[in-house]
Each structure stands twice: as structure tokens, then as C-alpha cells.
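Please read these notes with the model open beside you.

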Amino acid sequence: MTKTPDIDLQSQPGHGIRRLQQIAFAVFMQEAASTGTTPVQYAVLQTLADQPGIDQRTLARAVSLDTSTIGGVVDRLEARALLARSLSPQDRRVRLLHLTAEGEALRLQLLPTMLSAQQRMLEPLSAAERQAFMEMLQRVVAHHAGVDGSSTAEA
């Protein structure tokens, strides 16, 4: 039997990125606990505020999710009356998505919460380190765009 090399899991980027994602999720959930809103749901609310009337496939690309996953997210937000679907005048098979007044109110309520969560995530870094970290993170994400099935470099 061949001996495999010892691997320090803590020094592996994949493990560190997974741990950071867990931390980012937990910090957001702590900040937003009273609203029952997840980071992905917030991303959908923000995207619909920025791009009202987009279809579900475009929304999935914008938030870097597959179309089946975004369907469940949209269903949950619609059930909470935070977004509404309407028929496209150009193609009646396509549903266009819009925030409701309640959805916009929740998005605005969550804005300081989301910003606070972002600050907490990067708390141990100086301002210069935060900028460098975000530049490197965006470069790595852009380089690997499409690996997870997404087609955008904006992930």
C-alpha cells in the first residue's frame, strides 16, 4: 500500500473557502435573525431592486445559482409576498419578477444589517487588506466563472 502524503487541511484553499462561506452565512443569519431572510434571499431582493422585471433565468445568472435552486428561492419569497410574478408581454411562457412593496420594505430594512454583516466578516483585516482581499477574491471568482455551471463572471 502506498503511503499518501500528510495533508494539512487548514492550509488548503478549498477548505478555507468553505469555512469562510460557513462563517459568512452564520454572520449574516445572526444579523438578520429577526427577518428570517437568508443571504441568497437578500441577494434576490437586491437584484430585483436593481433589475426590476427580469425573468427567473436572468435572475439565476445574476446571483450565480442554477435555475432549479432559484425556483425554490423565488417560490419562498413569493409565498412571503415579497415578490410577484407577471406574464411577459413578449412571451407568455416567461414570468417577470418584481419586488412587492413588502419586498422593497424588507430590502431597505435589511440594508444596514447586510452592511454590518459584511463589516463583521472582514473585521480582522485592515482597510488596505480588505481592499486587496476583495480584489483577489473577485479575480479568483472571475477566473473560474462557469466551473459551477454559472455563465457569469459577476459571481
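The numbered points below go through the model topic by topic.

1. Basis. This is a predicted model, in which local features need pLDDT of at least 70, side-chain atom pairs count only at pLDDT 80 or more, and totals for chains, interfaces and linings use all residues. Residues are numbered from 1 along each chain as its sequence is written, and side-chain values use heavy atoms, with hydrogens and water left out.

2. Confidence. The protein has a mean pLDDT (the predictor's confidence in each residue, from 0 to 100) of 91, and 95% of its residues reach 70 or more. Confidence is highest in helix α2 (residues 39-50), at a mean of 97, and lowest in strand β2 (residues 83-87), at 93. Helices (H or I, at least four residues) and strands (E, at least two) are DSSP runs, numbered from the N terminus. Over residues 151-155 the pLDDT is below 50, and this stretch has eight contacts in the model beyond near neighbours in sequence; a contact means heavy atoms within 4.5 Å.

3. Helices α1 and α5. Helix α1 (residues 13-31) packs against helix α5 (residues 101-121) at an angle of about 140°, and their axes are 9 Å apart. Axes are lines fitted to C-alpha atoms, for helices over the stretch in contact, and angles run from 0 to 180 degrees between N-to-C directions. The angle makes α1 oblique to α5; under 35 degrees counts as roughly parallel, over 145 as roughly antiparallel, 65 to 115 as roughly perpendicular and the rest as oblique. On the α1 side the contact includes Ala24, Val27 and Phe28, and on the α5 side it includes Met114, Ala117 and Arg120.

4. Helices α2 and α4. What is the angle between α2 and α4? They pack at about 80°, with axes 10 Å apart, which makes α2 roughly perpendicular to α4. Val40, Gln41, Val44 and Leu45 of α2 meet Ile70, Val73, Arg76 and Leu77 of α4.

5. Positive phi angles. Most residues other than glycine have a negative phi. Ser64, in the loop between α3 (56-62) and α4 (67-79), has a positive phi, near 60°. Ala81, in the loop between α4 and β2, also has a positive phi, near 60°.

6. Exposure of these two. Is Ser64 buried or exposed? Ser64 is buried, with a relative accessible area of 18%, whereas Ala81 is partly exposed, at 37%. Buried means under 20% relative accessible area, exposed over 50%, and partly exposed in between (1.4 Å probe, protein chains only).
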